[in-house]
Amino acid sequence: MAPTVILIGFMGSGKTAVGECLAERLGWGFIDADREVERNLGMSIPEAFRSKGENFFRGVEEDVVSRILEKAAASTEGMVVSLGGGAVTSSGTRERLKREQLVMLLDEDVETAFQRAGGGGRPLAAELERFRTLYEERAGVYREAAGMIIDTRGKRIKAVAQEAEAMVREKIGEEGTAGA
Ligand code: S3P
């Protein structure tokens, strides 16, 4: 069974960009859960929030995440999976994550996260105060779910991916590729 890295963290913490870069560095496959959810819904996430509501979206998200994690677990190649920021609000998903060895939190500050995520059409990133409240509410949940934490403050995507790669290689007992 090949390893699976699961990236969690708030909106705008860089999960998709870091995930892509990390997967490339490791030579592993990459799955973005938000993209899979959108494919499954046949519409964008903002559209799903508008027309079906958040609860409906969360149900689909939980299902899709569960299927992605099963698929990754069965894969013969290593996988990097980026979850949507709210995926860990599902108790089912949190339980599922307890069985995973490589859950990694990208820990970004709220202002930078909002700069990245705000204005991009994300339904829960329309205004800073609500964004901040959600960020504070979820902070503990992310930390509890994560076995590894990267402080991404002030770091570029490539540097975060490099740090993530070193952490993963150490965990799975491989030597790093320093400076690569
Ligand atoms: C959400 C995060 C988004 C997306 C949806 C809800 C959240 O994913 O799933 O807009 O509740 O934090 P990203 O974290 O990839 O932006």
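Biologist: Which residues line the largest cavity?
Modeller: The residues around the largest cavity are Ser13, Gly14, Val18, Glu108, Arg116, Thr152, Lys155, Ile157 and Val160. The model is a predicted one, in which local features need pLDDT of at least 70 and side-chain atom pairs pLDDT 80 or more, while totals for chains, interfaces and linings use all residues. Residues are numbered from 1 along each chain as its sequence is written, and side-chain values rest on heavy atoms, with hydrogens and water left out.

Biologist: What makes a space a cavity rather than a pocket?
Modeller: On a 1 Å grid over the protein atoms alone, a cavity is a set of points where a 1.4 Å probe fits but cannot get out, whereas a pocket is an open set with protein on both sides within 12 Å along at least five of seven lines, and a lining residue has an atom within 4 Å of a point. By this rule there is one cavity of 30 Å³ or more, and the largest cavity has a volume of about 30 Å³, a volume being the space filled by probe spheres set on grid points that are joined across faces, edges and corners.

Biologist: How do the residues lining the largest cavity divide into nonpolar, polar and charged?
Modeller: They divide into three nonpolar, three polar and three charged, where Ala, Val, Leu, Ile, Met, Phe, Trp, Tyr, Cys and Pro count as nonpolar, Asp, Glu, Lys and Arg as charged, and the others, Gly among them, as polar.

Biologist: How much space lies in the largest pocket, and which residues lie nearest its centre?
Modeller: The largest pocket holds about 510 Å³ of space; its lining has 29 residues, and Met11, Asp34, Gly84, Gly85 and Arg122 are the ones nearest the centre. By kind, the lining of this pocket has 11 nonpolar, eight polar and 10 charged residues. Helix 2 gives the largest share of that lining, four residues, a helix here being a DSSP run of H or I with at least four residues and a strand a run of E with at least two, both numbered from the N terminus.

Biologist: Why is the pair of Phe10 and Tyr135 called edge-to-face?
Modeller: Rings of Phe, Tyr and Trp (its six-membered ring) pair if their centres lie within 6.5 Å, and planes under 30 degrees apart count as stacked, over 60 as edge-to-face and the rest as tilted. The centres of Phe10 and Tyr135 are 5.3 Å apart and their planes stand at 90°, so the pair is edge-to-face. Phe10 lies in the loop between strand 1 (4-8) and helix 1 (15-26), while Tyr135 is 125 residues away in helix 7 (residues 128-145).

Biologist: What makes the pair of Phe10 and Tyr142 edge-to-face?
Modeller: Between Phe10 and Tyr142 the values are 6.5 Å centre to centre and 75° between the planes. The structure holds five aromatic pairs, and Phe10, Phe114, Phe131, Tyr135 and Tyr142 form one aromatic cluster.

Biologist: Is Phe10 buried or exposed?
Modeller: Buried means under 20% relative accessible area, exposed over 50%, and partly exposed in between (1.4 Å probe, protein chains only). Phe10 has a value of 4%, so Phe10 is buried, and Tyr142 is likewise buried because its relative accessibility is 4%. Glu163 comes to 29% and is therefore partly exposed, whereas Gly42, with 65%, is exposed. Gly42 sits in the loop between helix 2 and helix 3, and its C-alpha atom is 28 Å from that of Tyr142.

Biologist: How do you know that Lys52 lies over the face of Phe56?
Modeller: The rule asks for NZ of Lys or CZ of Arg within 6 Å of the ring centre and within 35 degrees of the ring normal. Lys52 lies over the face of Phe56 at 5.2 Å from the ring centre.

Biologist: In what sense do strand 1 and strand 3 pair?
Modeller: Strands pair if DSSP finds at least two bridges between them, and strand 1 and strand 3 have four, in the parallel sense; Thr4 has Met79 as its bridge partner in strand 3. Strand 2 (residues 29-32) also pairs with strand 3 in the parallel sense over four bridges, with Asp32 partnered by Ser82.

Biologist: Which faces of strand 3 are covered?
Modeller: Both faces of strand 3 (residues 79-82) are covered, with Met79 and Val81 buried on one side and Val80 and Ser82 on the other. Strand 5 (residues 148-151), in contrast, has a covered face, Met148 and Ile150, and an uncovered one, Ile149 and Asp151.
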